[in-house]
Amino acid sequence: MAIGTLPVTATARGSLRTRVRELLDREAILGPLFITPALILILLLVAYPFCMALYFALSNAFIGRPSTFIGIRNFVRLWDSDAFRQTFQNSFVFTASAVAIKVVLGISLALLLNQQLWFKRVIRGAVLLPWVIPTALSTLGWWWMFNSLYSVVNWTGISLGLMSPPGPNWLGQRYYAMTAVVLVNVWRGLPFFAITILAGLVSIPQELYEAAEADGAGALARFWYVTLPMLKGVLAIVVLFSTIFTFSDFNIVYILTHGGPINATHLFATLARQVGIDSGRIGEGAAISLYLFPLLALIVFAQLRYVRNQAN
Amino acid sequence: MASMTRRTFVASGTAGLAGILASRVAPAVGQTREISYLCWNNFAPASDKKLGEIAQRFTKDTGIKIKIDHISHMGPQQTKYASEVQTQAGHDLVEMRMHFPWLYEPQLVDISDVVGELEKKYGKAIPSAYECGHVNGVWRAVPQYHGMFVATYREDLFKKASLKVPDTWEDLYVVGKELKKMGNPVGIPISQNYDSISTAGPVLWSFGGMEVDKDGKTVRINSPATVQTVEWYKRMFRDCMEPEVLSWSDASNNESIQQGKAGWIHNPVSAYIVAKQRKLVTADGINHHRSLAGPHGRHETDTPRFIGIWKFSKNIEPAKEWIRYLLGKREVYDEYIMSGDAFNLPAYEKLQDHPVLRTDAKYVALKGEGVQYHAYGWPAPGSEKVQLITNTYLLPNMLAKAVTGTSTKDAIAWAENEMRKILAG
């Protein structure tokens, strides 16, 4: 009897395999199948925490206590706090200056890395180091360098006669402190700019430069009329990412200044931690974190639209 | 012995299994009892080692396994606590600092029975421990030890320059001017850290001031006593200190005196203990003196530490057994305190004259005769709003504003306004 049933089973198995193969050949099925694992991860690790944060921001949640929905009261009340208003201002100053400096230095560094250099690969790899080292660790190094007692920055400056003793109070004076946190953010973020822009540079067709040169364009004109327009798309994406990351920076400020002096370097993330975790007011903390979400969402929307138009 | 039929065996077995499943607790017989304890890296590392040894003996004596995890004392522990509470999972026991029992009140087991036993044996818990651990009429955490702030100075430099050891905050200004001239300024942080509050509080209290009244609702920062405090800070900043204090972290004043710069700091004994352990050249010269007085007496910041048990713990009784073992057995508690090299002092009244204070002549000032010890925000209770005032550094920021150019009146008005908004929120 077994001999008789074997061909039937094999045929059934064969037809099942064929059907699966046919299904997988269809884009409408294979596409979602590939996306599903990533989608599950995004739902669990991004969407769920985001929705939780949104709920917390709209509630009077306090660690370990029952909470109730209070609408946008947290967002309104935050504006009364001097520390929050200061944080709001700091975030824009910090992000605008850090991103602007990173754009200028990033393009310069990318142009430099695009030249024929000795040990090009090693240098390109080394440039990435600040971006690869864990931020908390590298910022501790910077903290040591700006520390009032051990500052190697001041020691060098004084030794070279560039500073008069005791040198700038890097982390204790509001403008110096902001300079310090921006400097470390630039140091850390510059490789991301440089390498991404370098990728953009490499993809610019050489003929464009040759044609410009034939038309008598100098180095500056070639940069202005060829390089920069060709980099627009890459720059838009890099600036978009960097703006979001810089707005939400935490480690640098938390380690270097703890938000001080007198809240002069607090960013949304550090203030959110101080209020939400240290003081238990999760609702207010979440509202601080999400305060700029609508604005950032608009920036993302506008910039992505711009990039899409450029591509078309 | 009554014989058991197959039918009764199945019936009783099923009922037992149903009971276990319903209660989610395994039967005591054959059950391995295990508890977990989250505590901080102690400022006196030998104390952590001793805790591990005591835990091993505890397991041997009681059969209860204990797993001790250490975490950095500032920063990460609050994130950890928040996540344990939000997820209702984690350690059974947690070490807590100052007002934490207020912050986590609804999540902590009422532990008044254990504190009652300890108080019967060792006398009342010290006032600062009561202020912080006794929340709305219930002990939410057991006082474990405390560490207070004390005047720490370079005795060798004082002797060399024939400076008088100060007795009041005004005396400190007089010697501070000389110290700054010598290149050894006074080191009191005026920045966004807890040490800044730990000094600003005692100065304010000594001048008769407070941030919020004991009702926890009325802001009292705008007072003549605060004006005196701010003016004192302004003079100190100008004549006795260097601008670096505006950038200091909790560790900076310790490092400054240990590295030979500061001539006087206000800190727990850790500055001296670490200098001694690391055999720094400054160790011999560092000493402590009696806490400074103001027109309204001598006050110091005290940081009591506690052990709390989360309500979500499934091992509340074994957890209590650990606390009784560590703190309730006099010889074990003494052994633990002695290992802390006077950084961890007993939190009960009858034990205040502890032998640990006689292990080094430089610990005499820690007896704190005539000194009143309080936690941050005193005399206000440690409500979550008062803690927000502390955690947003309003007191040091008010002082920082004043010493960097804002008028005394405006700086105080700013602090008053911010405190009012917090209490009204």
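The legends below go with close-up views of a predicted model.

**View 1. Chain A falls into two domains.** Domain 1 of chain A covers residues 1–42, and domain 2 covers residues 74–311. Their centres, taken over C-alpha atoms, are 49 Å apart.

**View 2. Chain B meets chain A.** On the chain B side, 38 residues make contact; on the chain A side, 36 do. Together the two chains bury about 3000 Å². Carbon and sulfur atoms supply 52% of that area. Polar contacts link 16 residue pairs across this interface, counting pairs with both residues at pLDDT 80 or more. Which elements of chain B give two or more residues to the side that touches chain A? They are helix 3 (76–87), helix 4 (100–103), helix 11 (252–258), helix 15 (384–391), helix 16 (394–403) and helix 17 (408–424). Sorted by class, this side of chain B holds 13 nonpolar, 16 polar and 9 charged residues.

**View 3. A salt bridge crosses from chain B to chain A.** The interface of chain B and chain A has 1 salt bridge. Helix 15 of chain B, residues 384–391, is among the elements on the side that touches chain A.

**View 4. A salt bridge within chain A joins two helices.** Over all chains, the count of salt bridges comes to 32. One of them pairs A:Glu284 with A:Arg77, with 3.2 Å between the closest N and O atoms. Why does this pair tie together parts that are 207 residues apart in sequence? A:Glu284 sits in helix 14 (residues 282–290) of chain A and A:Arg77 in helix 3 (residues 73–78) of chain A, so the contact spans that separation.

View 5. The bond joins A:Pro165 and A:Pro166. Omega is about 0 degrees here. Most peptide bonds are trans. Where does A:Pro166 lie? A:Pro166 is in the loop between helix 8 (152–159) and helix 9 (174–202) of chain A.

**View 6. Four strands of chain B form an open sheet.** The strand order is 8-9-7-10, and the pairing is mixed. Strand 8 (186–187) and strand 10 (286–289) are the edge strands, each pairing on one side only. Strands of a sheet pair through backbone hydrogen bonds, either parallel or antiparallel. In which sense do strand 8 and strand 9 of chain B pair, parallel or antiparallel? Strand 8 and strand 9 (residues 264–267) run in the parallel sense, over 2 bridges. B:Gly187 has B:Ile265, in strand 9, as its bridge partner.

View 7. Domain 1 of chain B takes in residues 33–148 and 303–361. Domain 2 of chain B takes in residues 155–290 and 392–424. Between their centres, over C-alpha atoms, lie 30 Å. At the contact, 9 residues of domain 1 meet 10 residues of domain 2. The two domains bury about 820 Å² between them, 54% of it on carbon and sulfur atoms.

**View 8. Salt bridges link the domains of chain B.** How many salt bridges are found across the interface of domain 1 and domain 2 of chain B? There are 2. B:Asp360 forms a salt bridge with B:Lys276, and the closest N and O atoms are 3.0 Å apart. On the domain 1 side, the touching residues are 5 nonpolar, 1 polar and 3 charged.

**View 9. Chain B has its own cis peptide bond.** This bond runs from B:Trp378 to B:Pro379, with omega near 5 degrees. B:Pro379 lies in the loop between strand 13 (371–374) and helix 15 of chain B.

**View 10. A methionine of chain B has a positive phi.** Phi of B:Met98 is near 45 degrees. Most residues other than glycine have a negative phi. B:Met98 lies in the loop between strand 3 (93–97) and helix 4 of chain B.

Methods. Residues numbered from 1 in each chain as written. Chains lettered and ligands numbered in written order. Predicted model: local features only at pLDDT ≥ 70, side-chain atom pairs only at ≥ 80, totals over all residues. Heavy atoms only, no water. Domains from an automatic or database assignment. Contact = heavy atoms within 4.5 Å. Buried area = accessible area lost by both parts, 1.4 Å probe. Salt bridge = Lys/Arg side-chain N within 4 Å of Asp/Glu carboxyl O. Polar contact = N/O pair within 3.5 Å; in protein donor to acceptor, adjacent residues only side chain to side chain. Nonpolar A, V, L, I, M, F, W, Y, C, P; charged D, E, K, R; others polar. Pairing = 2+ DSSP bridges.
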